[in-house]
Amino acid sequence: ILLARPELLSAKTMIEIAQSENATLAWILRGVGCILIFVAFSLMMQPLVVAPEIIPCCGGFISSIIGFGACVVSTALTICVSMVTIAVAWLAQRPLLAGL
């Protein structure tokens, strides 16, 4: 019933459309998840970026360098955590392929 369309389609076509829509939704959710993980890591590292600003003469410069480093580390951690999360979710949804 959820696959109903206003036009007349065969069952095979309806299933192909549903699979395509599910794949699109999965990639959108993966992208949103990656963005949220990046934001979380960036926010966790923000105290390290702000702390050097108390140094009077060069605090801003040091803070910007640490900010760049924090962004690089956040990106690397995001890639690692996202790939592991996506892989575990993929395997959890396919227990026969996972050997569970």
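The lining of the largest pocket is made up of six nonpolar, two polar and two charged residues. The points below treat the pocket, the helix pair and the confidence of the prediction in turn.

**The largest pocket**
- The space inside the largest pocket amounts to about 170 Å³.
- Its lining consists of N22, A23, A26, W27, R30, I86, A89, W90, Q93 and R94.
- Helix α1 provides five residues, the largest share of this lining.
- Both α1 and α2 contribute to the lining of the largest pocket, with at least two residues from each.

**The packing of α1 and α2**
- Two packed helices are described by the distance between their axes and by the angle between them.
- Helix α1 covers residues 11-50, and helix α2 covers residues 59-93.
- The axes of α1 and α2 come within 8 Å of each other and cross at roughly 145°.
- The crossing of α1 past α2 is right-handed.
- Where α1 meets α2, the contact comprises 15 nonpolar residues, seven polar residues and one charged residue.

**Confidence in the prediction**
- Confidence is highest in helix α2, where the mean is 94.
- Confidence is lowest in helix α3, residues 95-98, where the mean is 81.

Note on methods:
Residues are numbered from 1 along each chain as its sequence is written. This is a predicted model: local features need pLDDT of at least 70, side-chain atom pairs count only at pLDDT 80 or more; totals for chains, interfaces and linings use all residues. Side-chain values use heavy atoms; hydrogens and water are left out. pLDDT is the predictor's confidence in each residue, from 0 to 100. Helices (H or I, at least four residues) and strands (E, at least two) are DSSP runs, numbered from the N terminus. Axes are lines fitted to C-alpha atoms, for helices over the stretch in contact, and angles run from 0 to 180 degrees between N-to-C directions. A crossing is left-handed if the near helix is turned anticlockwise from the far one by less than a right angle, and right-handed if clockwise. Ala, Val, Leu, Ile, Met, Phe, Trp, Tyr, Cys and Pro count as nonpolar, Asp, Glu, Lys and Arg as charged, and the others, Gly among them, as polar. On a 1 Å grid over the protein atoms alone, a cavity is a set of points where a 1.4 Å probe fits but cannot get out, and a pocket is an open set with protein on both sides within 12 Å along at least five of seven lines; lining residues have an atom within 4 Å of a point. Grid points are joined across faces, edges and corners, and a volume is the space filled by probe spheres set on the points.
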